[in-house]
Amino acid sequence: MKPLLAVEGISKFYGRRIGCASVSFDLYPGEVLGIVGESGSGKSTLLNCLAGHLTPDLGQIMFHTRTSGMQDILQMSESERRMLSRTDWAFVHQHARDGLRMSVSAGGNVGERLMAVGERHYGQIREKAIDWLSRVEIASDRVDDRPTAFSGGMQQRLQIARNLVTGPRLVFMDEPTGGLDVSVQARLLDLLRGLVREMGLSAIIVTHDLAVVRLLADRLMVMKDGYVVETGLTDQVLDDPQHAYTQLLVSSVLQV
Amino acid sequence: MIHITNLSKHFILHNQGSTVIPVMNKANLFVAPGECVGLTGASGAGKSTLMRMIYGNYLCQEGSIRIDGTEIVGANPRDIIELRRHKLGYVSQFLRVVPRVPTTSVVADPLLSIGVAPDVANEKAKELLTLLNISERLWSLSPTTFSGGEQQRVNIARGFIHDYPALLLDEPTASLDAKNRAIVLSLIERAKANGTAIIGIFHDEHARDQVCDRTIDVTQFAPKVN
Amino acid sequence: MNEYNFAYLDEQTKRMIRRAILKGLAVPGYQVPFASREMPMPYGWGTGGVQVSAATLTPDDTFKVIDQGADDTTNAISIRKFFEKTAGVQVTEKTSDATVIQTRHRIPETELSEDQILVYQVPIPEPLRFLEPSEVETRKMHALEEYGLMHVKLYEDISRHGAIATSYAYPVKVEGRYVMDPSPIPKFDNPKMEMAAIQLFGAGREQRIYALPPFTKVVSLDFDDYPFEASKADHSCEICGASHTYLDEVIVDDDGNRIFVCSDTDYCATHASKPQEAAE
């Protein structure tokens with residue numbers, strides 16, 4: 001099996017301060033990688049570098065494209081990269097309103113990516129939108145409602161539907177369950193887990209919630225001050241952490 | 001099937017003055033297909049630790065663990081995931097699942113992860129749940145709210161749904177009544193007959209005597225305290 | 001006449017605007033930024049169109065101004081007077097006599113010829129504006145031909161109204177490349193945009209000029225199952241009897257009685273004198 005994403009020595013500096021430094025890893029098809037660390041540890045910077053929102057200062061990011069094999073996304077033209085991010089990639093923001101068009105109906109939100117890749121049949125676009133709404137457990141009679149009329153959890157599910165409608169292969173998630181009630185979180189986790197398996201998605205999940213990665217991620221990367229301090233099998237890193245910082249992180253979780 | 005040689009482990013508590021706690025010293029263990037080995041020793045002797053090391057949940061500093069030829073010590077996480085999916089089952093004392101997922105799906109999950117069709121996997125899950133006397137009205141509910149004994153049986157169903165060549169059982173009969181214990185023991189017997197190599201922790205002597213071909217006292221692997 | 005330079009603007013400014021116009025003609029549908037000047041009229045009254053007209057007019061030109069098709073509204077009259085005074089050019093109300101026609105929200109009914117120039121007044125040149133507020137982002141979308149969003153607007157129309165309810169400023173794609181706002185003309189006029197005359201678009205407040213050379217391919221966006229329709233009120237003109245022109249609805253009394261009349265006053269007047277021809 002070949003990696004879907006091969007990251008080599010990614011560094012991003014903000015002036016003299018380090019955003020993230022020398023990050024390398026491979027992500028295989030169907031694999032879920034969790035990135036944990038406290039605020040300011042560089043996990044979001046890394047995610048944004050990977051997703052093409054930020055340009056790293058050093059390193060390369062190879063992605064296995066459908067048409068021409070492994071390509072360095074940093075060498076791609078912007079139009080190619082944006083095309084990737086509309087088709088093969090998805091980005092789930094922490095705040096649904098960053099990832100949704102709040103003035104456009106749920107159906108239009110889901111349909112946008114389809115129209116962006118050239119679908120021009122209203123009936124089919126709408127049908128697919130309704131199908132995806134039902135897959136994320138939003139009733140089909142809400143298809144014409146705007147996301148402003150949705151609860152936080154529904155907005156987040158709508159954002160996921162909007163992202164997955166074009167059948168991407170790689171999903172970036174930035175604190176996907178942040179700011180949601182725990183009961184809503186559980187539902188979302190269940191949904192994400194099902195979709196990851198069903199669609200064979202690879203995912204990179206950035207979160208500070210260790211419970212989330214335990215349930216979703218196969219592998220874990222722990223970041224501190226811009227550096228990756230520990231990597232490994234998720235349950236191994238959480239149950240037998242080797243690095244001082246990871247031990248601190250794991251032991252700091254409040255028990256319910 | 002399970003081949004452990006010279007296995008050693010210690011914990012280093014970086015945040016508590018870098019205290020080094022040795023927990024295992026040169027453990028050796030060999031389990032053949034169809035054999036069931038019981039681990040014994042007082043609480044804290046390292047039974048669960050050894051199981052977790054075999055499962056790849058704990059890292060080891062020295063030695064070797066080979067399961068059906070695959071080396072666990074120093075293995076790539078990806079290889080361990082692959083091994084767990086296909087060859088190495090683990091029934092722990094605790095049930096850890098995504099909340100809200102129905103019991104049937106929890107049990108069918110190991111089969112789904114290796115690509116078995118959902119209807120086949122669900123059918124097999126229901127068979128096992130029936131066998132283990134989990135009332136049908138509970139199947140569509142999440143096991144997070146179940147009683148201890150029910151959760152344990154769900155865990156067992158999950159562990160036995162796939163015919164793993166190697167199986168680790170951490171107190172599988174602990175909170176079960178006599179009837180259900182007998183059923184679990186028969187499941188273990190059946191797995192042995194199928195050639196599964198089993199390592200188990202059984203506090204219940206009666207159960208241990210019934211299924212274990214031999215026992216190993218892990219106290220012998222305990223590091224000498226200076 | 002001596003108080004003003006010809007057509008009000010100084011020659012440097014006109015050169016700057018002409019350069020923008022030429023660039024616009026070279027890249028049909030692309031919005032060319034230009035240094036819009038203060039004009040002696042408020043924004044929203046056609047300052048963009050006026051500047052384009054000023055840069056286009058020559059002393060030999062004959063100038064016509066319409067507002068919603070009419071030559072006799074305040075806006076049309078004041079702009080016509082403005083150029084009468086500052087350029088001394090001939091003015092006319094007859095479409096076929098004019099060489100430069102400045103328009104607000106209509107294309108004349110009479111087919112234009114290749115020696116004519118049609119100048120549009122544009123309030124908001126960016127067709128993506130209402131869906132994407134960031135100018136940086138919309139420019140990038142134009143540059144990379146990312147026009148999915150435009151169809152989202154049409155999708156919203158159909159989902160809300162059962163049909164594409166956008167009836168004016170209906171977005172078009174120019175030569176298979178740029179998506180363009182045709183200014184708030186009724187979509188009835190969209191098919192006419194593939195014409196012999198040069199079309200220039202000026203947005204004063206937004207400081208943008210764009211253009212269509214003669215016979216440029218202009219396609220109105222639509223869906224396969226909801227094709228574009230150049231709709232109009234289902235009536236004939238009460239005055240001239242024409243059944244193929246764009247109509248204004250006029251309420252004539254306090255009982256709510258209404259009539260429909262041509263919005264193009266010149267066309268209507270010409271054909272009212274020969275009603276049998278208009279009826280054909």
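The legends below describe close-up views of a predicted model.

In this predicted model, local features need pLDDT of at least 70 and side-chain atom pairs count only at pLDDT 80 or more, while totals for chains, interfaces and linings use all residues. Residues are numbered from 1 along each chain as its sequence is written, chains are lettered from A in the order in which they are written, and side-chain values use heavy atoms, with hydrogens and water left out.

**View 1. Contacts among the chains.** Contact means heavy atoms within 4.5 Å. Of the 2 pairs of chains that touch, chains A and B have the most contacts. Chain B and chain C are joined by no contact, and their closest C-alpha atoms lie 34 Å apart.

**View 2. Helix 1 of chain C.** Helices (H or I, at least four residues) and strands (E, at least two) are DSSP runs, numbered from the N terminus. Helix 1 of chain C comprises 16 residues, 11-26. From its first C-alpha to its last it reaches 22 Å, close to the 22 Å expected at 1.5 Å a residue (the expected span is 1.5 Å times one less than the number of residues). At the start of this helix, a side-chain oxygen of D10(C) comes to within 3.2 Å of the backbone nitrogen of Q12(C).

**View 3. The two sides of helix 1 of chain C.** Buried means under 20% relative accessible area, exposed over 50%, and partly exposed in between (1.4 Å probe, protein chains only). The buried residues of the helix are T13(C), K14(C), M16(C), I17(C), A20(C), I21(C) and G24(C). The face turned away from the buried side carries the exposed residues Q12(C), R19(C), L22(C) and A26(C).

**View 4. The interface of chain A and chain C.** Here 22 residues of chain A are in contact with 21 residues of chain C. R82(A), R120(A) and Y122(A) supply 37% of the area that chain A buries against chain C, more than any other three residues (buried area is the accessible area, 1.4 Å probe, that two parts lose on being put together, summed over both).

**View 5. A salt bridge between chain A and chain C.** The side chains of R86(A) and E146(C) meet in a salt bridge (2.8 Å, N to O). A salt bridge is a side-chain nitrogen of Lys or Arg within 4 Å of a carboxyl oxygen of Asp or Glu. Between these chains the count is 5 salt bridges.

Notes: Polar contact = N/O pair within 3.5 Å; in protein donor to acceptor, adjacent residues only side chain to side chain.
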